[in-house]
Amino acid sequence: MAELKKIVLIPDSFKGTMSSAEVCSILSRQIRLRMPGAGTVSLPVADGGEGTVEAFLAAMGGEKVPITVRGPYGEPVSAFYGLTDGGHTAVVEMAVCAGLPLVGENRHAEKATTYGVGQILADAARRGCGKIILGLGGSATNDGGAGAAEALGIRFLDAAGKPFIPVGATLDRVASIDTAGLLPQIRGIETVAMCDVGNPLCGPQGAAAVFGPQKGADRETVALLDRNLARFADTIREELGKDIRSLPGGGAAGGMGAGMSVFLGAKLQSGIKAVLNTIHFEDRISGADLVITGEGKLDAQSLGGKVISGVAARAKKLGIPTVAIVGDVGDHVEPVYDMGVTAVFSINRIAAEFSVMKARCRSDLAETMDNVLRLILAIPG
């Protein structure tokens, strides 16, 4: 039978059901039962939204730092960020203080602010970190990152020279931008924004048009937000000499991608690329016999730099086979095999509604992993 000595587990979360850490735990348990001689390396990952800090800390070690900052509508919220790599790297989820879960059904993208995100970034910078990884997933905002920039010391002034904190509804009032007060400690810090969308700041594929409706914006509000982002971009070009209108990924998180690029010099990078670079993925999988990855659904979006395709491409370069275990499989995913995935297994063992599958997903995942291992053990060594 085939003998495996080292198996690397690096799944995304199965959204709405299991965290990436939980998936790793279930997979490793099955491996211990069926292949007690195999060692496992668990590297849970996330794409920049909820669970990003936990995933980095699980993969690299470190500490979670609690902090109270402003929430989407200026209210105090209890938030956190992670410090890893000996305190050199701060990992921030903007969703912990500017995310949709915090507003519930009270969704008003035109009123929401990213100010609290800037407060977190400032705290991390004052602690002396040398790198910031900012996850842009799950935002409730559409302020172009102006709130975060304000919290970091940048001032936005209206036509009368009066400073104010812009939100989506008031970005068009920004007449001038004063960057002199930018927090000294954050100047020069390497900042990476985890961004899994390539949408521009404004226009038909921009932040407001594509993502505004899920943040509570009706047709009129979407049009307002889009106009204001366009005007904000014009003001930035006039004041700072930087053109962010067509920046790929600039529309992520209500324009936060563009804002962080301008105000902090952030590099917009796919979430999985940022993760794999930070955890030194190639070193972690050295000598592995198999890589197992996965996510809730493998579909066309998975082919564009998500966890499965990103992991498989790098493992392929090292000649290590990759198995994807997923909740569901969509149509037209065959290109994933050319990217490096050896085989795909769905944990959907019966035809049922999501509510039913959600209740049994953990046992289905365990049984699917067991079947994968049975197949491997049946191959002559």
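A residue is called buried when its relative accessible area is under 20%, exposed when it is over 50%, and partly exposed in between (1.4 Å probe, protein chains only). At 77% relative accessibility, Arg219 therefore counts as exposed. Before we go further, note that this is a predicted model: local features need pLDDT of at least 70, side-chain atom pairs count only at pLDDT 80 or more, and totals for chains, interfaces and linings use all residues. Residues are numbered from 1 along each chain as its sequence is written, and side-chain values use heavy atoms, with hydrogens and water left out.

Let us stay with Arg219 for a moment. This residue is found in helix α8, which covers residues 219-240. Helices (H or I, at least four residues) and strands (E, at least two) are DSSP runs, numbered from the N terminus. If you look for Gly198, you will find that 21 residues separate it from Arg219 in sequence, while their C-alpha atoms are 22 Å apart in space.

Now turn to the strands. Two of them pair if DSSP finds at least two bridges between them. Strand β3 (residues 63-70) and strand β4 (residues 76-84) run antiparallel and are joined by 8 bridges. One example to look for is Lys64, whose bridge partner in β4 is Gly82. The two strands form a hairpin with 5 residues between them, and in its turn Gly74 has a positive phi of about 90°.

Leu83 has Ala90 as its bridge partner in β5. Again there is a hairpin, with 4 residues between β4 and β5, and Asp85 in the turn has a positive phi of about 55°. In a regular strand, side chains alternate between the two faces of the sheet.

Next come the charged side chains. Side chains of opposite charge can pair when their charged atoms come close. A salt bridge here is a side-chain nitrogen of Lys or Arg within 4 Å of a carboxyl oxygen of Asp or Glu, and by this rule the count comes to 14 salt bridges. One of them links the side chains of Arg155 and Asp178, at 3.7 Å from N to O. Arg155 lies in strand β7 (residues 155-157) and Asp178 in strand β9 (residues 176-178), so this pair ties together parts that are 23 residues apart in sequence. Arg155 is partly exposed at 36%, and Asp178 is partly exposed at 27%.

Another salt bridge joins Glu238 to Arg231, at 3.6 Å from N to O; Arg231 is partly exposed, with a relative accessible area of 32%.

Our last stop is helix α14 (residues 354-378), where Asp370 and Arg374 lie 4 residues apart, about one turn of the helix. Their salt bridge has its closest N and O atoms 3.0 Å apart. Asp370 counts as buried because its relative accessibility is 14%, whereas Arg374, at 45%, is partly exposed. Salt bridges that share partners also join Arg349, Arg360, Asp364 and Glu367 into one network.
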